[in-house]
Amino acid sequence: MLENNLKNLIKNYQPNQAAIDVVRRTKIVLLVGISGAGKDTLKRRLLEDAEFADIVSYTTRQPRQNAGVMETPGVDYHFIDEAMAVKMLENHEFIEAKFVHGTVYGTGAKEIQAIAEAGKIAVTDIDVQGVDEYKNLSQTVVAIFLLPPNYDEWRRRLQTRYASVEEFEAEWPKRFASAIKELTHALEVPYYHFIINDNLKETVRIAGDIARKPDAYNRKDDEARLVARDLLEELQGLAQPRRG
């Protein structure tokens, strides 16, 4: 019963005007990229600068281990129960919320409000659908799409995440299909800043510059967008069944 209530609340959820105003008056940077492009590493490096602050999401799932380290409440996520999630949804305390595989994930308005009051730039990693939701609330939100330098390097980086080649090969078709979908969507809209992540130090510098002055990168955006189109065309070509 509670799960059905959550599904219905999220299906019809809209942030109230106060939450929308919080987004519009806060500097927000959304990091996007195909799996293995390096957005998690980029976020960690940006957060080493006191000018940036992480948007810590809420979730109804239990803490779990990542790379052998248990997640920390208030750092990795704000862990809440389903009853609290219902209360927050009913009180319009989220900017956006999703119900994924029986779990609620949401961004709290108070989280972003606190970052704004501290005079910092809010940053988080997100998917392309999440970017659309933010952009519907405020066009000033900055979206950065991170790219691997080429197909071979992307596949190599992604493979290092898995304990065995067999595990990687089992997941590869899903990651491959998701990459085509995400790149296609990102290239259909005009508001992404693309960065080719072939040198982490330079990637961090460029991302920081974009976060502070997004309008200054139009020409470099065009160059990186061409690389994104080339990568997408290569992936689409590889996805085609071979004849003969």
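In this predicted model, the crossing of helix 1 with helix 4 is left-handed, a term applied when the near helix is turned anticlockwise from the far one by less than a right angle, with right-handed denoting the clockwise case. Local features were required to have pLDDT of at least 70 and side-chain atom pairs pLDDT 80 or more, whereas totals for chains, interfaces and linings use all residues. Residues are numbered from 1 along each chain as its sequence is written, and side-chain values use heavy atoms, with hydrogens and water left out.

The axes of helix 1 (residues 2–11) and helix 4 (residues 82–90) come within 10 Å and cross at roughly 30 degrees, which makes helix 1 roughly parallel to helix 4 (angles under 35 degrees count as roughly parallel, over 145 as roughly antiparallel, 65 to 115 as roughly perpendicular and the rest as oblique). Helices are DSSP runs of H or I with at least four residues, and strands are runs of E with at least two, numbered from the N terminus. The contact (heavy atoms within 4.5 Å) is made by Leu2, Asn5, Leu6, Leu9 and Ile10 of helix 1 and by Glu82, Ala83, Ala85, Val86, Leu89 and Glu90 of helix 4.

Within helix 4, Ala85, Val86, Met88 and Leu89 are buried, where buried means under 20% relative accessible area, exposed over 50% and partly exposed in between, for a 1.4 Å probe and protein chains only. These residues cover an arc of only 165 degrees around the axis, which puts them on the same side of helix 4, the arc being that of the directions from the helix axis to the C-beta atoms. The buried residues of helix 4 pack against helix 1, strand 3 (58–59), strand 7 (94–100) and strand 8 (103–108). Helix 4 is followed by histidine 92, which has a positive phi near 55 degrees.

Two loop residues were also examined. Proline 63, in the loop between strand 3 and strand 4 (65–66), counts as partly exposed at 31% relative accessibility; leaving aside neighbours within four places in sequence, proline 63 is in contact with Met70, Glu71 and Phe79. Tyrosine 162 lies in the loop between helix 7 (151–159) and helix 8 (165–188) and, at 15% relative accessibility, counts as buried. Not counting residues up to four places away in sequence, tyrosine 162 touches Glu167, Phe168, Glu171 and Arg175, while the C-alpha atoms of tyrosine 162 and valine 142, which are 20 residues apart in sequence, are 31 Å apart in space.

How values were computed
Axes are lines fitted to C-alpha atoms, for helices over the stretch in contact, and angles run from 0 to 180 degrees between N-to-C directions.
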